[in-house]
2 protein chains.
Amino acid sequence: VAEELLNYRNRIGSAIELRDQALVSELSAKMHYADLASLYEDLEDDERHFLASALGAGNFSPILADIPNTLVEGALGHFTEAEQLAILDSLPDDDRVDILQDLSDERRHEFLDLLDEKTQNDTRTLLRYGEDTAGGRMTTQIGKIGADMTVKQAIDHLRADLESTGTLARIFVVDEIGRLIGKIRLRDLAFNDWDTPIRDVLTTEENSILASADQEEAAKMLSRYDMVLLPVVDESNRLLGVITSDDAIEIIEEESTEDIEKGAGISGEQSEESYLNTSIKAHFRRRCGWLVILAFLAILSGFVMMRFEETLTNVYLLSLFLPMVVAAGGNTGGQASTMVIRAMALGQLKPRDTRRVAWKEFRLGLLLGGLLSVVIGVFAIFAPPALQFTLPPGVNFTQFGLTVAIALGVQVATSTLIGALLPIGARAIKMDPAIIAAPAITTVVDVTGMVIYFTVARSILGL
Amino acid sequence: VAEELLNYRNRIGSAIELRDQALVSELSAKMHYADLASLYEDLEDDERHFLASALGAGNFSPILADIPNTLVEGALGHFTEAEQLAILDSLPDDDRVDILQDLSDERRHEFLDLLDEKTQNDTRTLLRYGEDTAGGRMTTQIGKIGADMTVKQAIDHLRADLESTGTLARIFVVDEIGRLIGKIRLRDLAFNDWDTPIRDVLTTEENSILASADQEEAAKMLSRYDMVLLPVVDESNRLLGVITSDDAIEIIEEESTEDIEKGAGISGEQSEESYLNTSIKAHFRRRCGWLVILAFLAILSGFVMMRFEETLTNVYLLSLFLPMVVAAGGNTGGQASTMVIRAMALGQLKPRDTRRVAWKEFRLGLLLGGLLSVVIGVFAIFAPPALQFTLPPGVNFTQFGLTVAIALGVQVATSTLIGALLPIGARAIKMDPAIIAAPAITTVVDVTGMVIYFTVARSILGL
């Protein structure tokens with residue numbers, strides 16, 4: 001399938017270069033709009049214009065909903081005012097809202113005024129919800145029936161609105177004033193007697209989400225309860241719309257990417273454009289912030305090195321294991337923070353679990369520190385003399401190995417604990433725990449590692 | 001909702017402690033099986049047994065499908081042979097297969113022999129596919145009709161099998177020998193004339209996946225094409241089953257967690273148990289591997305420090321910025337590798353894009369290196385004298401600041417490029433790019449950073 005797709009992409013790419021409109025139409029008819037959207041993103045400006053014209057407004061509208069938000073305004077520009085309006089009119093309401101949100105305020109109001117009254121009202125309502133809320137993500141074009149209907153009445157009611165109904169995977173049952181009371185499956189209508197009252201075949205809907213709730217919470221519910229559609233309600237439990245499972249997939253992918261990037265010290269919103277299509281400027285802006293902060297923080301390690309000049313210059317062999325002791329803390333601290341942050345993201349850790357996390361990571365820190373101590377300690381006792389490194393008089397290799405082993409053990413144990421507790425602390429003060437990036441933990445434990453190493457060296461080597 | 005859930009959990013928790021069977025039954029009836037499964041996981045052994053007995057085999061079976069695989073064998077043990085068989089019989093086929101895969105070979109064969117012939121054959125077929133393949137994940141209980149049927153015949157055909165049909169979100173149309181030719185929605189049956197031939201209402205199905213393909217590929221297709229169900233076929237395009245969107249959500253979450261953990265140098269398979277329920281031993285095993293390897297690698301940095309003893313002891317002030325220059329490379333290299341690995345995971349980078357990635361990251365490296373150079377260089381010229389640090393005769397603070405600035409710029413630029421290219425290189429030799437963990441990149445660029453710093457210092461300060 002991947003090969004076939006690549007083949008189509010290459011062929012349509014050449015057809016666009018040759019400006020062969022007939023061939024472009026023919027090939028694009030066999031491609032999925034998601035693939036066409038990704039092709040559109042990769043083209044040059046004039047090629048984009050040619051592709052859009054070749055497809056026509058009707059075929060282009062699903063593509064418009066799938067391209068990165070930064071390209072939307074330009075993409076609409078391929079068409080006349082009338083065509084633009086037709087595109088907006090033809091889209092599902094959630095896609096229409098997404099596109100309007102990507103336009104300038106002025107353009108958005110122009111378009112809104114041109115839509116017919118019902119569409120206009122629905123759209124204005126949806127635009128009121130934040131982009132990252134359940135309300136901002138939901139689709140309102142759903143199957144909705146009354147509890148007092150019969151199966152026959154329900155089918156007739158749904159049939160009348162079929163064109164504009166996006167999903168019938170679940171049909172929701174509401175009371176007289178639109179409050180959600182339950183759901184049924186289309187099969188319960190299709191395979192039932194026409195006289196059966198809906199009330200007798202509905203299942204109570206236990207799960208719903210407020211329109212103002214975070215989209216991530218909605219995705220988590222869909223995932224946890226294996227739901228196909230999650231109903232979105234207002235404060236009075238009136239049914240407003242649904243979040244679909246493909247919304248949930250998109251939200252989960254976005255959030256994972258965001259968490260992964262935050263973990264590496266990359267700040268700000270992920271671009272909707274692909275890695276290669278994102279501008280250097282945008283990449284730069286997201287990466288530079290933490291780098292500057294961490295660079296200044298890292299100078300603290302330098303101050304510690306300055307402070308212990310005498311220790312290091314006296315037993316310069318200490319420098320052989322200095323970077324390793326310091327780095328081992330960064331590695332274990334990073335592992336611990338990653339585990340804890342991911343467990344929190346998956347909803348596995350509640351604030352009351354802090355003590356259990358600390359106890360777990362404390363024991364892990366001791367075990368990992370112990371393991372490294374023994375392995376590297378033995379190495380530090382026997383390798384340097386074998387490599388003809390020397391120590392100043394009054395210091396022997398056993399003492400030296402012991403220094404490395406103890407410092408390494410303490411550094412790993414404390415770093416593991418620091419790595420686990422920093423994200424928990426961040427959450428306690430209402431910060432996103434993912435903000436505690438691994439590089440930040442590394443920078444912190446670099447400082448502690450230097451202090452530990454030189455302090456242990458001083459006391460064991462009698463400096 | 002979250003509060004209400006916590007409330008139920010606390011109440012059923014107390015009821016279990018008090019061994020109040022009536023209350024446990026009453027409360028559990030109002031809870032979702034996913035929440036009961038997570039409660040079960042958190043209980044002690046004897047409490048688990050009490051909960052399972054209180055629920056009875058019938059209510060326990062959906063829970064069994066949702067608990068971590070390590071607990072499955074023990075959970076079945078709460079019930080008699082006959083009850084165990086009833087549980088397995090009542091589960092959807094994909095859940096039954098998952099559970100059988102978690103048992104010992106002997107137990108699995110015992111159970112298989114006891115199932116009725118049809119279930120047994122279906123189950124044996126599914127067991128042949130690897131756990132991580134599309135075939136291993138699919139459900140076979142789908143709506144399947146012939147292209148030669150009429151709408152009426154199709155409805156009758158589906159009605160006969162309704163009990164054992166898991167999903168009707170899409171109904172698949174096959175030819176005489178079972179090859180997939182298209183799909184229809186239930187609404188196209190429910191709202192159509194009974195005499196309409198299926199052939200006239202079906203949509204050709206463009207996307208399907210081989211049973212032997214990786215489950216991740218299936219999840220990506222569902223996500224990319226916003227599909228509700230993805231058909232799974234054999235080599236001859238015969239329809240075997242479907243992957244559902246809730247399978248896709250689960251796969252995507254698993255894969256993200258795995259990538260995040262790999263990125264932090266945590267190896268091996270993620271445990272199905274939650275962070276707190278995973279044993280110390282399992283945590284330890286997953287973290288210790290990289291730590292030992294990286295510890296030995298990090299000693300290379302120590303060798304570089306040993307090699308430049310004279311440089312460092314001559315101008316000991318170099319130690320003030322040494323950790324920072326080294327760490328800045330780790331940070332930018334980690335950012336670059338994270339971006340590239342994620343872009344590859346999202347399918348945005350093809351092997352032929354290597355040159356474009358390198359060019360992008362090269363420019364980014366220069367920009368980030370340039371920024372840090374200027375900021376830290378200025379700091380290095382003016383801060384040390386202000387803090388009364390001294391330099392040996394023949395060296396001035398401008399030279400010193402220049403050393404720091406140039407070394408930092410070169411280190412950041414090269415580290416960015418190394419971070420971006422290592423994962424691409426890993427993929428080129430057929431390794432999982434996510435294996436290039438950020439700590440590994442940090443360890444590599446620590447060594448290059450030391451070399452760069454001291455070499456620049458030597459030539460600028462004339463040592």
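Predicted model: local features only at pLDDT ≥ 70, side-chain atom pairs only at ≥ 80, totals over all residues.
Chain A has an average pLDDT of 91, and 100% of its residues score at least 70. For the complex, the predictor reports an ipTM of 0.87 and a pTM of 0.88.

Now find helix 15 in each chain, which covers residues 245-263 in chain A and residues 245-263 in chain B. Two packed helices are described by the angle between their axes and the distance between those axes. Here the angle is about 5°, and the axes are 10 Å apart. Because angles under 35 degrees count as roughly parallel, helix 15 of chain A is roughly parallel to helix 15 of chain B. Which residues of helix 15 of chain A meet helix 15 of chain B? They are A:Ser245, A:Ala248, A:Ile249, A:Ile252, A:Glu253, A:Ser256 and A:Ile260. Across from them, chain B brings B:Ser245, B:Ala248, B:Ile249, B:Ile252, B:Glu253, B:Ser256 and B:Ile260.

Next, look for the aromatic rings. Over all chains, the count comes to 19 aromatic pairs. One of these pairs is A:Phe296 with B:Phe379, whose ring centres are 5.2 Å apart. The angle between their planes is 90°, and the pair is edge-to-face. This pair crosses between chains: A:Phe296 sits in helix 16 (residues 280-307) of chain A, while B:Phe379 sits in helix 19 (residues 354-386) of chain B. How accessible are the two partners? A:Phe296 has a relative accessibility of 32%, so it counts as partly exposed. B:Phe379, at 27%, also counts as partly exposed.

A second pair brings together A:Phe389 and B:Phe303. Their ring centres are 5.9 Å apart and their planes lie at 40°, so this pair is tilted. A:Phe389 is in the loop between helix 19 and helix 20 of chain A, and B:Phe303 is in helix 16 of chain B, so this pair also joins two chains. Is A:Phe389 buried or exposed? At 19% relative accessibility, A:Phe389 counts as buried, because the limit for that label is under 20%. B:Phe303, at 31%, counts as partly exposed. Rings can also link up into a cluster, and here ring pairs connect A:Phe321, A:Phe379, A:Phe397, A:Phe400 and B:Phe296.

Stay in the loop between helix 19 and helix 20 of chain A, and you will find A:Gln388 there. A:Gln388 has a positive phi of about 65°, although it is not a glycine. Its relative accessible area is 68%, so A:Gln388 is exposed. Over in chain B, B:Lys430 is another residue other than glycine with a positive phi, near 65°. B:Lys430 lies in the loop between helix 20 (397-428) and helix 21 (438-461) of chain B. With 78% relative accessibility, B:Lys430 counts as exposed.

Our last stop is A:Arg124, in helix 9 (residues 117-127) of chain A. A:Arg124 has 29% relative accessibility and therefore counts as partly exposed. Which residues does A:Arg124 contact, leaving aside its neighbours within four places in sequence? These are A:Leu112 and A:Asp113.

Conventions. Residues numbered from 1 in each chain as written. Chains lettered and ligands numbered in written order. Heavy atoms only, no water. Axes fitted to C-alpha atoms, helices over the stretch in contact; angles between N-to-C directions. Helix = DSSP H or I, 4+ residues; strand = E, 2+ residues; numbered from the N terminus. Parallel < 35°, antiparallel > 145°, perpendicular 65-115°, else oblique. Contact = heavy atoms within 4.5 Å. pLDDT = per-residue confidence, 0-100. Phe/Tyr/Trp six-rings, centres within 6.5 Å; stacked < 30°, edge-to-face > 60°. Buried < 20%, exposed > 50% of the residue type's maximum accessible area, 1.4 Å probe, protein only.
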